[in-house]
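Here are some notes for a colleague who has not looked at this structure before. Please read them with the sequence and the model open.

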Amino acid sequence: PYTREQGVEVMFDYFRSNNISVDGLVIDNGSGLSRSSRLSAKFMTDLLHHAHASPLMPEYISSLSLNGIDGTTRRRFRGVAGMGRMHLKTGRLDSVAAIAGYVLAESGKMYTAVVLGNYSNIHEGAGIAIQNALLKWVYQQ
């Protein structure tokens with residue numbers, strides 16, 4: 001039997017051993033849905049870069065929502081340039097709106113995109129508008 005704290009320490013050790021800074025990282029539980037957990041956009045970006053370099057990358061990336069096609073981003077950029085070129089994961093709680101993943105730009109270059117929004121009622125529309133504006137801009141690079 002192991003404790004939650006021991007499990008968190010195993011994850012922190014893994015991140016550190018792979019040069020992913022854990023500064024400011026707080027893990028409350030493994031669900032990813034917690035008001036107590038904290039992470040930075042830099043941590044998420046570093047983790048996404050690490051995952052993209054993994055030999056398991058194809059399986060991992062295929063588990064992410066494909067914009068305009070499936071999952072939580074099936075309605076984003078549907079029927080327009082950029083459809084199907086973003087593998088993304090979304091997250092939403094009251095006053096929280098987040099999205100992170102990969103964008104294959106018009107130029108053919110792959111970018112990592114992370115938007116973490118914490119503000120009163122940002123989950124009710126403004127957060128998605130900000131995310132879409134950034135994703136569109138990245139796609140056009």
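1. Among contacts in the chain between residues at least 6 apart in sequence, what percentage join residues at least 24 apart? The share is 42%. Please keep in mind that this is a predicted model.

2. The order of elements is the place to start. The chain contains 4 helices and 4 strands. Followed along the sequence, these elements give the pattern α-α-α-β-β-β-β-α.

3. Next, the overall dimensions. The C-alpha trace spans about 50 × 40 × 25 Å along its principal axes. The radius of gyration of the chain is 16 Å, which agrees with a compact globule, because for 141 residues such a globule would have a value near 14 Å.

4. On burial and surface: of the 141 residues in the chain, 33% are buried. The accessible surface is about 8,700 Å². Carbon and sulfur atoms account for 57% of that surface.

5. On charge: the chain carries 14 positive and 11 negative charges.

6. The largest nonpolar core deserves a look in the viewer. This core has 10 residues: Phe 77, Met 86, Leu 88, Ile 99, Val 103, Ala 113, Val 115, Leu 135, Val 138 and Tyr 139. At least two of its residues come from each of β2 (86-93), β3 (96-104), β4 (110-118) and α4 (126-139). Helix α4 gives the largest share, with 3 residues.

7. Leu 88 is one of the residues of that core. Which residues does Leu 88 contact, leaving aside its neighbours within four places in sequence? Among them are two other members of the core, Ile 99 and Leu 135.

8. Arg 4 can be examined separately. Arg 4 sits in helix α1, which covers residues 4-17. Is Arg 4 buried, partly exposed or exposed? Its relative accessibility is 44%, so Arg 4 counts as partly exposed, given that the partly exposed class lies between under 20% for buried and over 50% for exposed.

9. The contacts of Arg 4, with neighbours within four places in sequence left aside, are Ile 27 and Asp 28. Arg 4 and Ile 27 are 23 residues apart in sequence. In space, their C-alpha atoms are 9.7 Å apart.

Definitions and conventions: Residues numbered from 1 in each chain as written. Predicted model: local features only at pLDDT ≥ 70, side-chain atom pairs only at ≥ 80, totals over all residues. Heavy atoms only, no water. Core = buried A, V, L, I, M, F, W, Y, C linked by side-chain atoms within 4.5 Å. Buried < 20%, exposed > 50% of the residue type's maximum accessible area, 1.4 Å probe, protein only. Contact = heavy atoms within 4.5 Å. Rg over C-alpha atoms; globule rule 2.2 N^0.38 Å. Areas by Shrake-Rupley, 256 points an atom, 1.4 Å probe, with all protein chains shown as cover. Lys, Arg positive; Asp, Glu negative; His and termini not counted. Charge placed at Lys NZ, Arg CZ, Asp CG, Glu CD.
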